[in-house]
Amino acid sequence: MDLVPALEEPLKKVLGPATAKVMAEHLGLHTVGDLLHHYPRRYEERGQLTHLADLPLDEHATVVAQVADARLLTFSSPKAPRGKGQRLEVTITDGSGQLKLVFFGNGVHKPHKELLPGTRALFAGKVSVFNRRLQLAHPAYELLRGDDVTETVDTWAGALIPLYPATAKLESWKIAKAVQTVLPSAQEATDPLPESLRAGRGLVPLPEALLKIHRPHTKADIEDARSRLKWDEAFVLQVALARRRHADAQLPAVARRPKKDGLLSAFDAKLPFTLTEGQQKVSKEIFDDLATEHPMHRLLQGEVGSGKTMVALRAMLAVVDAGGQAAMLAPTEVLAQQHHRSITEMMGELAEGGMLGGAEDSTKVVLLTGSMGTATRRQALLDLVTGEAGLVIGTHALIEDKVQFHDLGLVVVDEQHRFGVEQRDALRGKGKQPPHLLVMTATPIPRTVAMTVFGDLETSVLDQLPAGRSPIASHVVPAADKPHFLSRAWERVREEVSNGHQAYVVCPRIGDEDEDPKKSKKKPSPEDEAEKRPPLAVLDIAGQLGKGPLQGLKVEVLHGRMPPDDKDAVMRRFAAGETDVLVATTVIEVGVNVPNATAMVIMDADRFGVSQLHQLRGRVGRGSAAGLCLLVTEMPEASPARQRLTAVASTLDGFELSRIDLEQRREGDVLGQAQSGARTSLRMLAVIDDEEIIAEAREEASAVVASDPDLEHLPGLRTALQALLDEEREQYLEKG
């Protein structure tokens, strides 16, 4: 029978089933290797007490402190035998502040004996507030006995005490004891870094790094370990992405070169403006890629309104010129209809292929969405399979099995973060050979995130706004502190309308949902009223505005649960200037283009993410008149939500905002499908702070993969890749 390698040994064999179960369920740790890679969050120094003043409310905290005072109090209690209850109140100090610990009932006896004044210990629990003071109720604790030769001293050998990311079920020191048990196995860790790279950069070997991260003797040990472990994460991830780029470069594709004096030339000739320098540069990068015989994989990111759709359309026309078809995949029906409308308008008679009055070089542009009538849909499908339609714009409906193309040459995915990988993959699979792929996003991504999340895509950036776009002024409206600011906001909307303009009001919710009876029974306290009340709803706000501050104006609503024809009719009336104010959900977030809309009021703005607010704001100021965006919130001034809104109001630079957003949310799982802060395969690496390491690791990884694509000479690296890319992630990467 094969011996299981030490790091793959299941934790239940090493630590026992009970501890292993908690580690698996609450921390996602299953093997000895998983536990060795569960690094301390920070370290406490012996003799240096924590700042109790910095404790986070409502979070599990671990502190090292000294007992200053302990009192056993008796109080009358109907629940206790003989009617008397006991409460132990212990005051601990760290020199900077004090914290109260409370123990009740049967839980007082042990701490009453052990927590005597002068005793030092680690305490862990959830920080709460009682009588306006911070406290820990029934905290777990571990005594730190100075000179006793006891198990505790062994466990905390060394001057630095590691504090681990813990849970209520498993305190930091219990994790530390478990790590102590498996630490000898670290010697068997196989090193993923090529020896030349490790030596060349002066990095310590992996077993030494694991030892130093869990049991450091000095701060220099921690630094050595961190530098090494960050490199591991950056390098292994970049190798995964480099292998994907390498594999894609081996695939065959049809080179698509626009013909001279074809559809693209005819389109360019009728443009009423010249392309910006940025648009010309990015178009050249795309056309160079389309002319090669392996599939283009390019990410086009640009500020809201920087003219990405124009760049994508010219690429699509180039492919039609070369005899292929191009498909644009949009995340919502509203956006697909909007793209279809704006593209056919921009193309004019060039979009009337096969019709009377269509230009000689024209093609057909079809729309395909899930809610189309049967006859229209049948015709659209026929136009695609015969090649009559050169361009198709659609939603997920494009991905269905029934949809067949004559010769799919280019797939443009709009708003990449809204699509699962499977969906992109299904559409790419509809070409006879892999089609070229252009991914667009209006949520600017900092360079390193793009290299880490979209490392397999070449990146093009549009950072200039086209001439004639107007600046947008943004302000936070603190509705709870200053209600008259909200009244003024509605006056500003009326002023914009009286100047011949239009406005959006955005709410987080539709308002036709059934209330959950269980939820509505609990009465929230006044302080969390703003946080706990349901988000404001389109249907309620539209009614209140129509009868109140915006009485007399033409107010309409738009949301995702309306029938598609109704949505389209509302958008058409708004675009035609027949509606003064559109009260909507985030269905207007991307692609909606009404140059006459100059003002936007976002209700409960704190309920939206940074990039979403930036996207929404980009719907105004699209014409020659200046835009105004008002972010309405009831959150108090000191709250993180309010600080986030202030950041959004203070800059129009999407790249700057995406950095702020990332710093607040962390990276999320850059390989998994959830790109938010919940789970991350990056334990050491912070994408924003470690830009240099990521850039250098990308270069090293590309060189390694170029010389040894199958990593035959680097078994340690192969093993690390398998650990990083479990099956789900492996497929995710495969599918791009």
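Is Tyr-141 buried or exposed? Tyr-141 counts as buried because its relative accessibility is 15%, where buried means under 20% relative accessible area, exposed over 50% and partly exposed in between, with a 1.4 Å probe and protein chains only.

Hello everyone, a quick word on the model itself. This is a predicted model, in which local features need pLDDT of at least 70 and side-chain atom pairs count only at pLDDT 80 or more, while totals for chains, interfaces and linings use all residues. Residues are numbered from 1 along each chain as its sequence is written, and side-chain values use heavy atoms, with hydrogens and water left out.

Now the overall picture. The protein chain has 27 helices and 21 strands; these are DSSP runs numbered from the N terminus, H or I with at least four residues for helices and E with at least two for strands. Of its 736 residues, 51% count as buried. If you take the contacts with a separation of 6 or more, 73% of them join residues 24 or more positions apart; contact here means heavy atoms within 4.5 Å.

Let's go back to Tyr-141 and its partners. Searching the whole structure turns up 3 aromatic pairs. Rings of Phe, Tyr and Trp (its six-membered ring) pair if their centres lie within 6.5 Å, and planes under 30 degrees apart count as stacked, over 60 as edge-to-face and the rest as tilted. Phe-123 and Tyr-141 make a tilted pair, at 6.3 Å centre to centre with 45° between the planes. Phe-123 sits in strand E5 (residues 120–130) and Tyr-141 in strand E7 (residues 140–143), 18 residues apart, and the pair links these distant parts of the chain. Phe-123 is buried too, with 0% relative accessibility. Ring pairs also bring in Phe-103, making a cluster of Phe-103, Phe-123 and Tyr-141.

Which strand and which helix does the pair of Tyr-504 and Phe-574 tie together? Tyr-504 lies in strand E17 (residues 502–506) and Phe-574 in helix H21 (residues 564–575), so this pair joins parts 70 residues apart in sequence. The ring centres are 5.0 Å apart and the planes are at 55°, so the pair counts as tilted. Tyr-504 is buried with a relative accessible area of 0%, and Phe-574 is buried at 0% as well.

Next, the cores. A nonpolar core is a set of buried Ala, Val, Leu, Ile, Met, Phe, Trp, Tyr and Cys residues joined through side-chain atoms within 4.5 Å. The largest one has 39 residues, and Met-347, Leu-391 and Leu-410 touch the most other members. Helix H12 (residues 308–321) supplies the largest share of this core, 10 residues. Leaving out residues up to four places away in sequence, the residues that Leu-391 touches include Leu-313, Met-316, Leu-317 and Val-320, along with Ile-343 and Met-347. There is also a second, separate core of 33 residues, with Ala-6, Tyr-164, Leu-170 and Leu-229 among them.

On to helix packing. Two packed helices are described by the angle between their axes and the distance between the axes. Helix H22 (residues 610–617) and helix H23 (residues 640–650) pack at about 40°, with axes 10 Å apart; axes are lines fitted to C-alpha atoms, for helices over the stretch in contact, and angles run from 0 to 180 degrees between N-to-C directions. On the H22 side, Val-610, Leu-613 and Arg-617 meet Arg-644, Leu-645, Val-648 and Ala-649 of H23. The residues of this contact divide into 5 nonpolar, no polar and 2 charged, where Ala, Val, Leu, Ile, Met, Phe, Trp, Tyr, Cys and Pro count as nonpolar, Asp, Glu, Lys and Arg as charged, and the others, Gly among them, as polar. H22 is mostly covered, with 6 of its 8 residues buried, including His-614 and Gln-615.

Leu-335 is buried, at 1% relative accessibility.

Finally, some backbone angles. Most residues other than glycine have a negative phi. His-138, though not a glycine, has a positive phi of about 45°; this residue is in the loop between strand E6 (133–137) and E7 and is partly exposed at 40% relative accessibility. Leu-711 also has a positive phi, near 55°. Leu-711 belongs to the loop between helix H25 (691–707) and helix H26 (715–724), and is buried at 0% relative accessibility.
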